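Okay, everyone, thanks for coming.

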Amino acid sequence: MAKKGRVFSGARPTGRQHLGNYLGAIKNYVALQDDYDCVYCIVDLHALTTAEDTRDLRQNTYEMALDWLAAGIRPADSIMFIQSQVPQVTELHLLLSMVTPLGKLTDLPTFKEKVRQQPDNVNYGLVGYPVLMTADIVLYKTDVVPVGVDQAPHIEFAREIVRSFNYRFQTKALIEPQMKNTEVPKVLGIDGKEKMSKSLNNHIELAATPEETRQRVMQMVTDPARIKRTDPGNPDVCNVFSLHKIFSSPEEVAMIDRDCRSAALGCVDCKKLLIKNLNKYFEPFRAKRAEIAQQPDQVWDILHDGAERARALAEQTMQEVREAVQLPV
Ligand code: TRP
């Protein structure tokens, strides 16, 4: 079947993935494979811009790859690889840096945020983060980049770099990528306050056991105004209800919506239903993950094979790029 074009997306190796990662990216990565040529990258070099130490880097890369595979990334159809195993990206990053105004990089809200977060580690690599991201995208002649809204400034920036590069070197070697905004249902962490994230430890891992899932859901904060069992609740402000809307049947969602408001249903029973549905939904994922995990070498083989295919595409682009820049061949 003819595909609609190439999709590229990258994610930093954060180890075992959680519900937020799944709903915000992985689920969409899997679906896009039907219509696009997909390239999915574990951006370990980007991780270095903020990493305090790198002890867990390999393990985190492995665990994330395992989750991607178990969730349904098909290595026969898509390219799944580790960024640092395609060294062309660092070469392109450098060449793109020559057409990237430094002031624009330091003005980006994402950069300013990082400066606030790590004032003692404002390194050169961190400033160049969006340039490396641009290199990721254009190296594979990407048409479409599925990312969340937080990445919109980076994609817009990538488009500017592409235009500057193509104009400066009078080439069409680089393609301006389109952003495809991933519709993310609003799911918060178990605290019911912050976005789900591993660093805040408010997350629920996809690979959690049914018992771990039960414990995490039981800790979830519900409507804070509902104190006594007999108080009516407001599902609209309840993060448990947000998850029901994704993982429970329409009939169950309608029942909860009704019975929470009338206090016929209590939070504990509501959570028990969510636990059941979450565990059912992720049962095939967990089984597949356990099966793949029996042969870790297989995961590394898939990543190496992906890198090889990625390098072939990357080298083609780089030949055009080097020629456009008039580097001697
Ligand atoms: N910056 C992205 C993030 O933090 C990760 C990323 C790196 C990426 N390179 C990319 C995303 C290329 C899309 C395309 O989520």
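**A loop, a ligand and a helix**

So, let's begin with Asn 201, which counts as partly exposed because its relative accessibility is 48%. Keep in mind throughout that this is a predicted model. You'll find Asn 201 in the loop between strand E5 and helix H10, residues 210–218.

Gln 170 is another one to look at. Its phi is near 45 degrees, again a positive value in a residue other than glycine. Gln 170 sits in the loop that runs between helix H9, residues 152–168, and strand E5, residues 178–181. Is Gln 170 buried or exposed? With a relative accessible area of 62%, Gln 170 is exposed.

Now the ligand. It has 13 residues around it, and the closest are Gly 10, Tyr 129, Met 133, Asp 136 and Gln 151. Which elements supply at least two residues each to that shell? Those are strand E1 (6–11), helix H8 (129–139) and strand E4 (144–147). The largest share comes from H8, with four residues.

Let's zoom in on some atoms. Tyr 129 has a polar side-chain atom 2.8 Å from a nitrogen atom of the ligand. For Asp 136, a polar side-chain atom also lies 2.8 Å from a ligand nitrogen. Then there's Arg 12, where an N or O atom in the side chain is 3.4 Å from an oxygen atom of the ligand.

Last stop, helix H12, residues 250–261. Which residues of H12 are buried? They are Glu 252, Val 253, Ile 256, Asp 259 and Cys 260. Look down the axis of H12 and those buried residues fall within an arc of 145 degrees, so they line one face of the helix.

On the face turned away from the buried side of H12, you get the exposed residues Pro 250, Glu 251 and Arg 258. The cover over the buried residues includes helix H11 (239–247) and helix H13 (267–281). After H12 comes Ala 263, with a positive phi near 70 degrees.

Conventions
Residues numbered from 1 in each chain as written. Predicted model: local features only at pLDDT ≥ 70, side-chain atom pairs only at ≥ 80, totals over all residues. Heavy atoms only, no water. Buried < 20%, exposed > 50% of the residue type's maximum accessible area, 1.4 Å probe, protein only. Arc of directions from axis to C-beta. Contact = heavy atoms within 4.5 Å. Near = heavy atom within 4 Å. Polar contact = N/O pair within 3.5 Å; in protein donor to acceptor, adjacent residues only side chain to side chain.
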